[in-house]
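Dear colleague,

Please find below the structure that I am handing over to you. My findings follow it.

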Amino acid sequence: MPAPRRIPIFDGHNDVLLRLHRRAEGDAATAFLKGEDKGQLDLAKAKKGGFAGGLFAIFVPSPDRRREAGTAGATSASAATAGAAGSAAAATASAASATTPNFAADPTPPEVDLGEAQRTVFAMAALLYRIERQSRGRLRVCRDAKDIARCLKDGALAAVLHIEGAEAIDANFELLDVLHEAGLRSIGPVWSRPNAFGYGVPFRCPSSPDTGPGLTELGKALIAACNRLRILIDLSHLNERGFWDVAELSVAPLVATHSNAHAISPHSRNLTDRQLAAIKKSKGMVGVNFSTSFLRPDGRRDKDTPLDVIVQHVEHLLEHVGEDGVGFGSDFDGAQMPAELGDAAGLQKLVATMRERGFSQALIEKLCYRNWLRVLGRTWGEI
């Protein structure tokens with residue numbers, strides 16, 4: 001009997017740009033293209049595992065927490081910069097930062113300075129374009145679903161520029177326009193910390209995702225701006241009240257690029273069945289996260305987590321969102337992976353597990369890439 005055909009996988013989230021950006025020595029672009037022992041994703045691992053592309057996240061790390069202790073109530077530099085752009089935006093940003101808890105007493109990561117956030121975004125975007133240029137066609141930055149489909153056909157790695165946490169975006173959304181022209185097609189208003197746009201859900205298990213206020217007025221304006229530009233709005237790190245704000249305001253499909261089922265793993269980062277119902281109604285999508293903390297019922301960061309647990313989340317999401325609304329959002333280079341999977345080179349083990357569980361070829365193809373092509377095409381105005 002011939003071996004089953006290898007199925008390409010388009011992925012909703014990875015943090016390889018952050019890993020490469022933090023390299024202390026050597027050329028980061030070359031390291032990605034040639035492959036190395038470090039990390040969970042590079043071109044060699046992608047080719048081995050059938051990783052055909054995905055949303056490549058730009059993430060601005062939080063400041064050194066030790067410097068933030070004892071500074072509760074301080075107005076962030078991002079709020080001050082927003083104030084220079086307009087008094088209404090300044091009031092919103094200041095209000096958001098004034099409610100930030102003291103880090104010494106609360107695990108919430110501190111806010112990020114606007115200037116530092118912008119420098120990091122520019123550096124990591126430049127890195128992605130440097131990789132594209134040096135790859136000589138082996139990786140292409142995609143701006144629409146047709147670009148992704150062509151990459152799947154040609155065997156090139158399809159990269160979509162994504163920002164995780166909108167700290168770099170100014171109150172007038174001028175940089176958002178510039179980044180969109182440069183290829184930005186997806187953004188998460190928050191990471192798991194507060195900013196001028198809203199409140200990220202903390203990392204707690206067990207915990208409800210209903211952990212605080214929703215979007216600020218500036219955050220609501222960001223949703224409108226993303227709808228105008230047809231930029232995907234990622235709900236993965238937004239708390240539940242922020243989720244419902246987006247559900248009420250946005251005209252686009254609701255998408256959580258890398259989240260799991262709260263009914264299986266009661267982590268604050270995961271989605272309740274009520275949230276899943278709203279995603280289904282919008283014809284949106286959830287990308288199943290491979291992070292062991294969000295897979296396990298006990299919320300532990302434990303590599304001894306079987307691939308069957310990933311499939312359990314897939315099955316729950318299939319039940320509550322439907323077979324057109326589920327895919328993968330690995331979190332490669334941003335989380336602890338199950339040892340059985342390892343890294344991007346092990347992705348076909350997950351495909352084999354789905355076959356063993358009785359998933360049809362047609363359903364596996366939807367989960368691996370077709371659903372992402374559909375929801376991205378619809379969000380970006382192509383279908």
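How many helices and strands are there in the protein chain? The chain holds 16 helices and 11 strands, where helices (H or I, at least four residues) and strands (E, at least two) are DSSP runs numbered from the N terminus. This is a predicted model, in which local features need pLDDT of at least 70 and side-chain atom pairs count only at pLDDT 80 or more, while totals for chains, interfaces and linings use all residues. Residues are numbered from 1 along each chain as its sequence is written, and side-chain values use heavy atoms, with hydrogens and water left out.

**The chain as a whole**

Of its 383 residues, 60% count as buried; buried means under 20% relative accessible area, exposed over 50%, and partly exposed in between (1.4 Å probe, protein chains only). Among contacts (heavy atoms within 4.5 Å) with a separation of 6 or more, 74% are made by residues 24 or more positions apart.

**Helix α15**

Helix α15 spans residues 347-356, and its buried residues are Leu347, Gln348, Leu350, Val351, Thr353 and Met354. The buried residues of α15 pack against β1 (9-14), α3, β2 (51-59), α14 (307-321), β11 (326-328) and α16 (361-379). After α15 comes Gly358, with a positive phi near 90°.

**Backbone features in loops**

Phe173 sits in the loop between β4 (157-164) and α9 (174-182). Is Phe173 buried or exposed? Phe173 counts as buried, because its relative accessibility is 9%. Asp331 belongs to the loop between β11 and α15 and is buried too, with a relative accessible area of 6%.

A cis peptide bond, with omega about 0°, joins Cys205 and Pro206. Pro206 lies in the loop between β7 (198-199) and α10 (217-229).

**Lys47**

Lys47 is located in helix α3 (residues 43-49). Its relative accessible area is 41%, so Lys47 is classed as partly exposed.

Yours sincerely,

A colleague
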